[in-house]
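Student: I would like to go through this structure term by term. Please set each value against its cut-off.

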Amino acid sequence: MTTQTVRQSALEALTEVPAGTAEFSRYARTAGWSDGLPLIPPTPERVHEFLAAVDGDPDEVVAELPPSGAPCTLAGLAANAVMAGAPPASLPLLRSALAAMAEPAFDLHALNATTGSVVPAVVVNGKVRHELEIPFGPGCLGGADGGAPSIGRALRLTMRNIAGQRVGVTSQSVYGTPGRVAGIVFGEWEERSPWAPLAERRGVPGDAVTVYGAMGTVNICDIAASTGSELLEIIGKSMAYPGANGFLTSTVFSEVMVAVNPVWADIIGREFPDITDVAARLWNHAALPLDQFPSTHRGPIEALGRVDHQGLVHLADSPDDVIVLTAGGLGGLHAAVLHSWGATRSQTRAVR
């Protein structure tokens, strides 16, 4: 039995913990359960309240999580959600997000162990955005009030306490990211999008989560463009920089996620009502001439067949790897790009 499994079992079986937040936080830090922020004691009563939200079996195994390989039961997930301060009503979303992360194509083991600063981002679609107050407008990637930080933190604590992700031990991340504390959880502003919701386009209509291996966020700013074509050009060209993981010769493929604010989405949507055309335009612009890479890089890039007939190297293999959604405030002027860690496929699941 691994150390992580022992910790999970102890957490689920916990019947007596210090009642005060400060006392429990010290207790949890000694036990190795803490992310450095205050924690709410996961008393049996609080864990039971979470389980009642889904009428769930505490022993239900949601997923087996690498690198520990430990099974994450519904009770274990609920206990970490309690500690994070997440609302009980978030347990169905947390369960779906965690199960999506455990899909083999998502490659959670690599994401948890890599030297990169990757964190699984969670994009939420459907009415559940409103029920859990998941932000999709101003400040949706951080700073907006609502349930996102505690929900993201619940997933991060689960990665620490059950998956066994430990900085400098099982995780070799050189820098990490603030997203490894509170996660990256936001919604799509479906009501202001000219296109169908992201999850629906991926075959899962209604309440759903899409998990994506994000290397953080990049802000794209423009005050001159006035047409959809111009906006897509400035966004696309800004996505491509030589040190992006998508250009690594060790990367088989790479997705990229682009969040377009509703003001720009209206402009782009009038010119490009088909979102596949939007993705194609972004993909076409997100490319660099081979000679913009150092000479030592060019041979390996050519050997992989990544140079097209125009001498360009694209950030992603295909327009299908460009994930576009509508989110952000009405101030306009900005888009957000979430570059991928690399060979990880985003996963979409219904929230039951």
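**Cores, strands and helices**

Tutor: Start with V124. V124 touches L93, R129, I134, V185, F186, G187, E188, A208 and V209, not counting residues up to four places away in sequence. Contact here means heavy atoms within 4.5 Å. This is a predicted model: local features need pLDDT of at least 70, side-chain atom pairs count only at pLDDT 80 or more, and totals for chains, interfaces and linings use all residues. Residues are numbered from 1 along each chain as its sequence is written, and side-chain values use heavy atoms, with hydrogens and water left out.

Student: What makes a set of residues a nonpolar core, and which members of the largest one touch the most others?

Tutor: A nonpolar core is a set of buried Ala, Val, Leu, Ile, Met, Phe, Trp, Tyr and Cys residues joined through side-chain atoms within 4.5 Å. The largest has 54 residues. L65, L93, L98, M101, V122 and V124 touch the most other members. A second, separate core has 49 residues, including V260, L282, V313 and A327.

Student: Why is T348 called buried?

Tutor: Buried means under 20% relative accessible area, exposed over 50%, and partly exposed in between (1.4 Å probe, protein chains only). T348 has 18%, so T348 is buried.

Student: How do you know that T348 makes polar contacts with R202 and T210?

Tutor: A polar contact is a pair of N or O atoms within 3.5 Å; within protein, one must be able to donate a hydrogen and the other to accept it, and residues adjacent in sequence count only if both atoms are side-chain atoms. The side chains of T348 and R202 are joined at 2.6 Å. Those of T348 and T210 are joined at 2.8 Å. Both pass. T348 also touches A199, V204, A208 and V209, among others.

Student: Why is strand β5 described as largely enclosed?

Tutor: Helices (H or I, at least four residues) and strands (E, at least two) are DSSP runs, numbered from the N terminus. Strand β5 covers residues 208-214, and seven of the seven are buried, so β5 is largely enclosed by the rest of the structure. Both faces are covered: A208, T210, Y212 and A214 lie on one side, and V209, V211 and G213 on the other.

Student: What makes β3 and β5 a pair?

Tutor: Two strands pair if DSSP finds at least two bridges between them. β3 (residues 119-125) and β5 have seven, in the antiparallel sense. V124 stands opposite V209.

Student: How many bridges join β5 to β12?

Tutor: Four, and these strands run antiparallel. V209 stands opposite R349 in β12. T348 lies in β12 too (residues 347-350).

Student: How do you know that α5 is mostly covered?

Tutor: Count against the burial cut-off: 11 of its 11 residues are buried. Among them are L93, L98 and M101.

Student: What describes the packing of α4 (residues 74-84) on α5 (residues 91-101)?

Tutor: The angle is about 115°, and the axes are 11 Å apart. Axes are lines fitted to C-alpha atoms, for helices over the stretch in contact, and angles run from 0 to 180 degrees between N-to-C directions. The contact is made by L74, L77, A78 and A81 of α4 and L91, L94, R95 and L98 of α5.

Student: Why are β6 and β10 called edge strands?

Tutor: The open sheet has the order β6-β11-β7-β10, with mixed pairing. β6 (218-221) and β10 (322-326) each pair on one side only.
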